[in-house]
Amino acid sequence: MKSTLILMRRAGPAPLDRRRFSGTLILVVGVLALLAGWCLVAWELTGNAALSRMHALITRERTEAEYEAEILASHSRVSFARIRTIPLILASKESLIDRLAEFGPDARPSPLPMAERNRLWRADPALAVLAGELHALITRADLGAKGIWVMNAAGDTIAIALPSAGIDYTGSNYSEREYFQAARAGRNGQQFAIGKVGGVPGFFFASPVFLEGRFVGAIGARVDLADLTQGFGPGAFLTDAFGVVIYARDPDVMMKQLPDARTRDLTPEQRLGRYRRTTFAPLDLTPSREFPDAGVYDRPGSPSPWIWARREGDLVTVHVLRELKTLAAIRSDRLFSFGLQGLAGAALILAAVASVLYVRANQRHARDLARQAATDALTGCANRRFFLSMLQNECGRAVRYGQGFCVLALDLDHFKDVNDRFGHPGGDLALRRFTEVTRATLRATDLLGRLGGEEFAVLMPNTPPAEAAPVAERLRAAVAAMTVDFNGAVFSITVSIGVACRAASGTDSFEDVLIRADQALYRAKQAGRNRVEACPSCQGGPPPPAQEGTPRQGLSMAAPFPSRPG
């Protein structure tokens, strides 16, 4: 009721449409801000979850890649150790030393053609026996060697265990090979190379043979690269001591060099003899910009990053590449999760907003109903029921707090003539103009009410009689100066006003105060209208006797004022 009273006391209709538009705009902006904020939070949350999954995947894949690389490197070390022992043991075999002694420590490369040397030494019975012994040895499955041969001090091969790629290489000279040069220097030699005769890549080992302290030859043994890499997966590859990829199932990786390769330490002739080429494309692996410190690398043309693990073996380094294809699925899951969380958050926000709007709509509807129940439909001021209710409340408040109040009874003069001349539309316009002027003249705390027809009343809370009469006079003068323009016809109206007060110490009821105000209004009518008359007993007490023509009667919420002149 208090909020309704505030609405009744306002000087004019509030710009509801503008306020509602502003409120709606603020609400829309707020909802958009909430949605944007929630989307940012959801994106951050899903991003953190996806990043955790990515790091877990990288850690798992890196551990598995490192384990695979370690297993393969261990296998290569075991294989090389087994092959390396073959020439070491044979270097002390007496029958082999005797055959090499026949060539002597000062042997020179045979001037005979390769084919002639091959035929001559294969036909030698003693060398044939030596070749048979080598053949018997190599057929043992536990050794894993694919070739065993004997070279004299000049590097010519005088006996072999098995042909290489179907070619009998007896008579071939290997004096330029690093492993033979190491043996001639008294060391055990080893190297990776592509076979000189068969063209098969492999690892070559050699041990020197001495007679009475002089070098008379060397024993060589070979393991083919294909046998060494049987357990390699699709992402594993080998590099030799110079950083060149010597084995890979991926043709895009084969015979490329690592960023830190040492191929420049080899002469072009050495590169050609070792790899049958002199130039090498780089293996293009660059640290991932997304995971710079996680051992992850990017490859050109690959949509996914790669794990790169490596382990040093014997003569070789084992590398394992693993493509992180699951990262794409994690990113997709992140987008899907973000979409779900975004929709869920949006649904919650919209549901909350809808609830707020629903509550506000109900509150606004309740206020509208309360305002309609308390408002006169034509003039917008308080209706009779609401005005009398507020007057009764003010009377009770005056009793509780010892504060007086005044009431103005207003009646438009000769208003019937206005209706007769201009019809009810003209009269309604006059009533609305009267209400506008009255509201503009009264104080903010005063309440204007329409009690019926052209009859109005004003409640002036906490107002002494000395203040009420001047306000009533200003109101009368303002109405008298007012004009009404109805369809081009301009006319004016006047108002008669009766003033009654209830003193702070008074005991009269609100009905008594209203009756005294009506009696004062009656006297204003009798005195010529367009004037203000105050009740002579404003200090309280019972109302004076009714004048002739104005019989006293009680007031109810629905009863009109007693009849009075127009």
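Where is D156 found? In this predicted model, D156 sits in the loop between β1 (147–152) and β2 (157–160). The residue is buried. Even so, D156 has no salt bridge. R117 is the nearest side chain of opposite charge, at 4.6 Å.

Polar partners of D156 were identified elsewhere. The side chains of D156 and N173 are joined by a polar contact of 2.6 Å. A polar atom of the D156 side chain also lies 2.8 Å from the backbone nitrogen of S110. Beyond neighbours within four places in sequence, D156 is in contact with R108, P109, S110, W121, V150, M151, G171, S172 and N173.

The cysteines were examined next. The structure holds one disulfide. This bond is formed by C406 and C501, with sulfur atoms 2.4 Å apart. Distant parts of the chain are linked by the pair, which is 95 residues apart. C406 belongs to strand β12 (residues 405–412). C501 belongs to strand β17 (residues 495–502). The link of C406 and C501 is right-handed, with 95 degrees about the S-S bond. C406 and C501 are both buried.

C381, by contrast, is in no disulfide. The nearest cysteine sulfur belongs to C406 and is 20 Å away. C381 is buried, with a relative accessible area of 0%. C535 is also buried, with a relative accessible area of 4%. Both values fall under the 20% cut-off, and therefore both residues count as buried.

How values were computed:
Residues numbered from 1 in each chain as written. Predicted model: local features only at pLDDT ≥ 70, side-chain atom pairs only at ≥ 80, totals over all residues. Heavy atoms only, no water. Disulfide = S-S within 2.5 Å. Helix = DSSP H or I, 4+ residues; strand = E, 2+ residues; numbered from the N terminus. Buried < 20%, exposed > 50% of the residue type's maximum accessible area, 1.4 Å probe, protein only. Lys, Arg positive; Asp, Glu negative; His and termini not counted. Salt bridge = Lys/Arg side-chain N within 4 Å of Asp/Glu carboxyl O. Polar contact = N/O pair within 3.5 Å; in protein donor to acceptor, adjacent residues only side chain to side chain. Contact = heavy atoms within 4.5 Å.
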